[in-house]
Amino acid sequence: MKDYSGEHWKVAGTAVTFGKFYKGSIERLEAAGCEVKLNPYGRPLTNEEMIEFAGDCDALIVGNDKVPANVIEHFHNMKVIAKHGVGVDAIDKDQAKKQGILVTNAPGTNKDEVADAAMCLALMVARDFHTLNTHTKNHEWIKYPGVDVVDKTIGVIGAGAIGTAFVRRATGFTDKILVNDLVERDEVKAMGAKYVSKEEIYSSCDIISLHVPLDESTFHLLDEKAFSLMKPGTILVNTARSKCVEVEPLTKALKDGTLRGYGVDVYDFEPPAWLELFDLPNVVMTPHVAGTTYESNQRMGDTAVTNVIAVKQGKTPPNLITFGGASA
């Protein structure tokens, strides 16, 4: 790899939280000979904004922005696109490879935060606390029961770093944990979880939490057939990717009682085009913040910067994405 140590680099930080809470990330880049400019909009950039903002840069630290091929085509100086986070499905890796641009991510940097949020969403749906909170703040003293989480059967689809962290939290509620993944981890088995088919999870579990990356095998993973296997009152949590769940059968399942509720933190776009299901009372929504805390933001920033600096110094970045993807 070429060593760019003596060259002045321009680095575009479009990740909304990059540098916002942790100045050390910017200082490390500046010390390495980089000029850093940050997202001025406070939201993911449009394609046109991305081209204008990062078109002449050597490195891009990207958050939830989409970086499609028709944007990457305008990157004439780019050497590395570093994801400030884990999932890289929004980056066209084929086009990046074609132009000799490396793609990196920050695996494991927010696994505990996402697992915490997923369990929180499950509990919110189980107890309907989001609705009760609204009633109480409106001076409406309304009481009604929720459902237990303790001793229920919990299913986890995708047991990478985040899914494994979720399993660890689930053990505090139950010893009936079913897991599905391509790879069986000894760590997961040691916690008492049992690896089974996705179909068994759909039909047996009271709570199902998704922790898979988005690819051809997981696109619309939860479709009409999957929902037809679920028992009434199932709780579904999605902190993975929105397109892992098909919208029409999801909406039907929320209306007909197949699902007690849906806890979601991920969307096709940000802010999302509003869907009918978002207005349903049994849907709990958060604005893609499951993995974002002050602490995780610092870790993601550190890792993204480490990857960029490694490329600038002619070294292989520690978190280089290879074709076939990286597990979440």
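Guide: Start with a cluster of rings: Tyr267, Trp274 and Phe278 are linked by ring pairs. Rings of Phe, Tyr and Trp (its six-membered ring) pair if their centres lie within 6.5 Å; planes under 30 degrees apart count as stacked, over 60 as edge-to-face and the rest as tilted. A word on the source: this is a predicted model, where local features need pLDDT of at least 70, side-chain atom pairs count only at pLDDT 80 or more, and totals for chains, interfaces and linings use all residues. Residues are numbered from 1 along each chain as its sequence is written, and side-chain values use heavy atoms, with hydrogens and water left out.

Back to the rings. Searching the whole structure gives 3 aromatic pairs. One of them joins tyrosine 267 to phenylalanine 278. This pair is edge-to-face, with 5.7 Å centre to centre and 85° between the planes. Both residues are in the loop between β11 (259–264) and β12 (283–285), 11 residues apart. Strands here are DSSP runs (E, at least two residues), and helices are runs of H or I with at least four; both are numbered from the N terminus.

Are these two residues buried or exposed? Buried means under 20% relative accessible area, exposed means over 50%, and partly exposed is in between (1.4 Å probe, protein chains only). Tyrosine 267 has a relative accessible area of 12%, so it is buried. Phenylalanine 278 is at 10%, so it counts as buried too.

Now take the pair of tryptophan 274 and phenylalanine 278. It is edge-to-face, with 5.0 Å centre to centre and 75° between the planes. Tryptophan 274 has 53% relative accessibility, so it counts as exposed. The cluster thus holds Tyr267, Trp274 and Phe278, with tyrosine 267 buried and tryptophan 274 exposed.

One more residue deserves a look. Threonine 239 is in the loop between β10 (234–238) and α11 (247–256). Its relative accessible area is 10%, so threonine 239 is buried. What does threonine 239 contact, leaving aside its neighbours within four places in sequence? Contact means heavy atoms within 4.5 Å. The partners of threonine 239 include Asp265 and Val266. Leu210, His211 and Ala290 are also among them.
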